[in-house]
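Look at the structure first, then read the points below.

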Amino acid sequence: MIIPETMARVEILTPKQKINELITTLLKFKEFEPEEPKTPISNLRFEDARRNLGEVNEHINKMKILMELGGLIIEPQGKMKVNDWIEASNQVFIEGSEIENKYKDLLEEIGKLRAELDTLNSQLQEVEPFKNIGIDLKVLYSSTHFEVALVVINEIQKKQLEDKGAVVIVEELGNNRYASLVLSRKGSNLDEILKELGLRKFETPDFIAPQIYYGNLKERINNIQTILTQRREELAKKIKEDEKNVKELYGKLLTIRDAMNILAKARKSEYYVQVEGYVPDKSLKRLSKMIENIGFITYEYPKRYGEEQEEPPTYVKLPKSIIPLESVIEFYGTPSYWEISPTIFLIITFPFLFGLMFPDFGNALVLLLFSIWFYNYGKKRGSENTVKLSLVLIYSSIVAMVTGLLAREFFGPLPVGGLQELLNNPSAPVGPLYYAWPIPVSFYEKISDIIPTGANAIINTILLSLLLGSILLFVSTLLGVINAIKKKDKEFLFLDRLPLFIIYIVPLIVFLYGFINISNYQGEEAMILGGISYFLFHSGTPAPPSVQILADILVIWVEIGLIYNWVAKAYLLKKHEHASTGSAIIFGFIEGGFEAALLLLSNTISFIRVLVFAIAHYYILYAFSYMAYLAAGNPSSLLSVFINPAGIVILIIGNLLAIALEGLIVFIQDMRLHFYEMFSKFYEGRGRKFEPVMTYVELTQ
C-alpha cells in the first residue's frame, strides 16, 4: 500500500489464428497494460485496429452525452460474444450508429435551438445597456443640430470624447464600463471619431427603439427556452425508455476500445503476433496459466532507476475505501514507479488537518450532506474525479464533526454555549444543547487548553501547531531519504535528500523537548526557544546551563546542515549545469544555504495556519451570533434570539458563509500544506498511472 507493486514487462507470442482468443483472455485478466514492443518482430501492424480506435472513442463520447441528456447513471452493462474483435468492433459501430440516428433529429434540433439561444443572448447582452431608451434610433440619429451615438465606453474613452468636444451622458454599468449617449455638433464627423477610438455605434434592426428590440429579444428567448425544455424532456424520456440498450452499447464500446488498444500496439509476422505490456509481478503466474494454451510468454523486470528508457507504470494496491484520496495526489502528479506512494500518508494527515481547521459539528454536518449529494451527482454524471473528490470531502467532514464535538461547537456558540459563552457571563443562560452534548463539560474543561477556542489556549495551540508541523516535515524529509535509497541513486541521496533530513531533525527536537515535563510543556518550550534566541542574538537571559547547551548544539547542527546543503548544491551546479566555480558557490549558497534557511523557518511556521483558521472560523460565527443577539435587542433570553426574524437571517447568512467560503479556503490550505510544505520534501509525482485493459461486459463463449 506504500511501495508501488513490482511490475514485469511481458512479451507474448501467439499464432495468428489465436490472437482473438489472446485478446479475450487479456481483457478478462484485467491486469495487463499494453505497450509498443521494444524489439518488434516486424513493422507490420493491425491497421484496422488503429483506425477503429478513433471511431470507438467518438461513439463512447456520444453515448456519454446521450446518458447525460437522459439523466442516466453513466455505467456499462450487458454481455457480448466475440469470435473476431475487428468484426465485433465493426458490428458494434453499426449498433452505435443505429442508436445515434434514432436520436439524430432531436439532437440536431436541440443543437440548433441552443445555437440560436446563444446568439440571441449575445444580442440581448449588447442591447442591455440601452434597454430603457424608448425612442426609435432613426429619430435619435437623424437630429438636425447634433450628431448622436449610443456606445459603451470606459473611463479613458469618455475623457477622449470630451477632449474632442463631445458631450457624454453616461450610466455606469460596473467594471469601468458606461452606457453612453454621445452628442457632438453637426459636421464634427462623430462616426470617424468613434472609429478612431475603436468604438462601435449601437444600432438595432430597422433602427427601432432599443426598448422594443429588447422586449422582442426577451420574448424570442423565452419561446426558444420553452421549446428547448420540451425537446430535452422528449429526448430524456426516449433515452430512459432505451436505457438498457444504451448502457449495453456503452459497455461494448468500452470493451472494444481496450481490445483495439491491444491490437493497435501489437506487431505481426507471417505466422505470429507479438503483444507486449506491463503486468504486476504477483499476477504473472496467473497470466501464464491463463495463456498456456494460447501463446508463449517471456518477461523481464525494470532495471535500476535512470537505466530505463521508459518509466514503468505505477500500481499501488489500495483498499477501495482510501482509493479516492489518489485524486488529491493526482493534482500534484502520479507517483513514480521508483518512489513511495504518499496515499497512506495522506489518508491520515489530510482529513486530520482539515478537521483541526474546521471545528464545528453543525457546519461539518452540512458539508457532509453536501458531499454525499456531490458524490451521487458525480456517480450520475459518470465523473470519476467528482466521485473521488466528494469522498475526500466526506472523510474530511467526518473528522471535522469529531473536532466540532470536542470543541462543543454547533453552528457557532449559541446552540451549545448560549449567552453564557457569547457574553462570557457565567450567570447568563446556556444553549439548549449544553447538557445534551455528547462531550461533557468536564472533559471539555480538561482539554480546553489545547483547543483553539479555549479560554487560555492561544500559546499552547501555537506550540502544538508547530509541533505538528515539525513532525510532518520530519516524516516528509525521511520519506525523501527512503525514496532516494529505493532509487539506489547515491548522488541524489547524499547531495539532495540527506541535507534536508539533517536540517529538519532540529525543529522536531525543539518542539518535542517540552514533553520532558508535559505538565509544563509551555514553560519547557519557552526555555529551549529562549536558549536558541540567546545563542543567535546574544541578548536577554540565557536558559539554564543544560538547556542552553542543547540550544547551542541545535543551532550549530542547523548551521552545519545548511553548509552541507550549500556545498552539495554548488557541486551539483558545477557538475550538471557546468557553472563556473564562482557561480556555483554563489548560487549554491542562495539555493542551498539562504533559501534553505528561509524554508526551514517558513515551512515550520506555516503550520500555524492550522490554528489561525480554527480561530477565524470560530470568531466569524461568534461575530454573526453577536450581531443576531444585538438585532434581537440585547435580550436576556436565548429564545428571543432564535425567534427574532432578523437574528435568524443573520445566523443563517453567517453559517452559510462559514460553510461555503471557509470550507473552500480550508480545503485549499490543507492542499497547500501537503503540496508545498510536505510533498516537496519527498515526492516528485512524475510517474504514469497503471491503466490495464479490461472487459466492461460479460464475455460469453
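A residue counts as buried when its relative accessible area is under 20%, as exposed when that area is over 50%, and as partly exposed in between. Keep these cut-offs in mind, because they sort the residues below. The model is predicted. A search of the whole structure finds 30 salt bridges. Side chains of opposite charge can pair when their charged atoms come close.

**A bridge across the sequence**

- Arg-267 forms a salt bridge with Glu-36, and their closest N and O atoms are 3.6 Å apart.
- Arg-267 lies in strand E7 (residues 267-268), while Glu-36 sits in the loop between strand E2 (33-35) and helix H2 (47-69). The pair therefore ties together parts that are 231 residues apart in sequence.
- Is Arg-267 buried or exposed? Its relative accessibility is 8%, which is under 20%, so Arg-267 counts as buried.

**A bridge within one helix**

- Lys-247 pairs with Glu-243 in a salt bridge, with 2.9 Å between the closest N and O atoms.
- Both residues belong to helix H9 (residues 243-265). They are four residues apart, so about one helical turn separates them.
- Lys-247 has 3% relative accessibility and counts as buried.
- Glu-243, at 30%, counts as partly exposed.

**Another bridge, and a network**

- Glu-677 and Arg-672 meet through their side chains in a salt bridge, at 2.9 Å from N to O.
- Glu-677 counts as buried, since its relative accessibility is 3%.
- Arg-672 counts as partly exposed, with a value of 31%.
- Some salt bridges share partners: Glu-33, Glu-35 and Arg-688 are joined in this way into one network.

- Where is Asp-242 found? Asp-242 is in the loop between helix H8 (210-241) and H9.
- Asp-242 has 6% relative accessibility, so this residue counts as buried.
- Which residues does Asp-242 contact, leaving aside its neighbours within four places in sequence? They are Lys-102 and Tyr-103.
- With Tyr-103, the side chain of Asp-242 also makes a polar contact of 3.1 Å.

Methods: Residues are numbered from 1 along each chain as its sequence is written. This is a predicted model: local features need pLDDT of at least 70, side-chain atom pairs count only at pLDDT 80 or more; totals for chains, interfaces and linings use all residues. Side-chain values use heavy atoms; hydrogens and water are left out. A salt bridge is a side-chain nitrogen of Lys or Arg within 4 Å of a carboxyl oxygen of Asp or Glu. Helices (H or I, at least four residues) and strands (E, at least two) are DSSP runs, numbered from the N terminus. Buried means under 20% relative accessible area, exposed over 50%, partly exposed in between (1.4 Å probe, protein chains only). A polar contact is a pair of N or O atoms within 3.5 Å; within protein, one must be able to donate a hydrogen and the other to accept it, and residues adjacent in sequence count only if both atoms are side-chain atoms. Contact means heavy atoms within 4.5 Å.
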